[in-house]
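I opened this entry to look up a few residues, helices and ring pairs. My notes follow the order in which I checked them.

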Amino acid sequence: DRDVTGVQTCALPISARNEAQRLPNTLARTVRYLEGQPYSSSVVVVDNGSFDQTADLVARTWSERVPVRLTGCASPGKGAAVRRGFLTSRAQFIGYMDADLATPIETLDVVMPLLRDCHAVVGSRLVGGAVVARRQRVHRTLGGMLFRAMARRVLSGVADTQCGFKFFDGDLARAVARRLRIDGFAFDVELLHEVTQMGVVVREVPVVWTDGGGSTLRMMRDGARAAVDLHGLARRRPA
């Protein structure tokens, strides 16, 4: 599966803002897993305005087989960071995951074979076979239910838009990234909406998911912004 042209098979951008506590374990597990795979890969940590030791710890992470590099993103928000990761990669497949590795990196055992035929494969906590090993706090669970109800106005056919484990054909990811505008929590909905608007079927796969805590999401501030973003997305959606 190694491409003699030098183009990597798989690139994994990770959006990070002040993730010095959670990122070391994520990088160690991810690199160890990828080193054992037959395909070439890289990890890109997109620093989204960190003022802790995030950049330093990335610089100290080294692997001969799996390059780990840092890139900056001046615009705040997960959406901006993921777009930056997509547009700076030439890999055959590109995907992103959360900095806390709530979805095990081993889920790629299922995702990578599917990407040979499906252009968009995303993790889901809401389809058959999924396991939630540790649930979120009650207020975040209720907030997630409300968000899904709003998201259904924009995007149908995808049960779980917010699971942070999504992988795409590289050309598709780069093309879609150029069409995206949302930087905040509703970014995932816009991304999947644009993918489906391009005629691509989104394949959901069940995951084992664990809430690691320490999320930078602020329910009132980010939830209100997400509601506004979803409303705007619904209004611009083609009839």
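Is E194 buried or exposed? E194 is buried, because its relative accessible area is 8%. I take buried as under 20% relative accessible area, exposed as over 50% and partly exposed as in between, with a 1.4 Å probe and protein chains only.

**Ground rules.** I am working from a predicted model, where local features need pLDDT of at least 70, side-chain atom pairs count only at pLDDT 80 or more, and totals for chains, interfaces and linings use all residues. Residues are numbered from 1 along each chain as its sequence is written, and side-chain values use heavy atoms, with hydrogens and water left out.

**Overview.** I count eight helices and nine strands in the protein. These are DSSP runs numbered from the N terminus: helices are H or I with at least four residues, strands are E with at least two. The protein has 239 residues, and 51% of them count as buried. I then looked at contacts, meaning heavy atoms within 4.5 Å. Of the contacts with a separation of 6 or more, 84% are between residues 24 or more positions apart.

**E194 again.** I placed E194 in helix 7, which covers residues 187-197. I left aside neighbours within four places in sequence. E194 is then in contact with V176, R179, L180 and R236.

**T54.** T54 sits in helix 2, residues 54-59. T54 counts as buried because its relative accessibility is 0%. Which side chain does the side chain of T54 make a polar contact with? The partner is D52, at 2.7 Å. A polar contact here is a pair of N or O atoms within 3.5 Å; within protein, one must be able to donate a hydrogen and the other to accept it, and residues adjacent in sequence count only if both atoms are side-chain atoms. The T54 side chain also reaches the backbone nitrogen of A20, at 3.4 Å. Not counting residues up to four places away in sequence, T54 touches A16, N18, E19, A20 and L23.

**Helix 3.** I asked how many of the residues of helix 3 are buried. Seven of its 10 are, so helix 3 is largely enclosed by the rest of the structure. The buried ones are G79, A80, A81, V82, R83, G85 and F86. Their cover includes strand 1 (10-16), strand 2 (41-47), strand 4, strand 7, helix 6 and helix 7.

**Helix 6.** Helix 6 runs over residues 170-177 and has six of its eight residues buried, so it too is largely enclosed by the rest of the structure. I listed G170, L172, A173, R174, V176 and A177 as buried. The buried residues of helix 6 pack against helix 3, strand 4 (93-97), strand 7 and helix 7. What caps the N-terminal end of helix 6? D169 does: one of its side-chain oxygens lies 3.1 Å from the backbone nitrogen of D171.

**Aromatic pairs.** I paired rings of Phe, Tyr and Trp (its six-membered ring) when their centres lie within 6.5 Å; planes under 30 degrees apart are stacked, over 60 edge-to-face, and the rest tilted. This rule gives four aromatic pairs. F86 and F168 form an edge-to-face pair, 6.1 Å centre to centre with 70° between the planes. This pair links distant parts of the chain, with F86 in helix 3 (residues 78-87) and F168 in strand 7 (residues 165-169), 82 residues apart. F86 and F168 are buried. The F165 and F167 rings have centres 5.0 Å apart and planes at 55°, so that pair is tilted. F165 and F167 are both buried. I also noted a cluster of F86, Y96, F168 and F187, linked by ring pairs.

**F167.** F167 lies in strand 7. Its relative accessible area is 0%. How far apart in space are F167 and A11? They are 9.4 Å apart, C-alpha to C-alpha, and 156 residues apart in sequence. Residues up to four places away in sequence aside, F167 touches C10, L12, I94, G95, Y96, L108, V111, L115, H119, A120 and V121.
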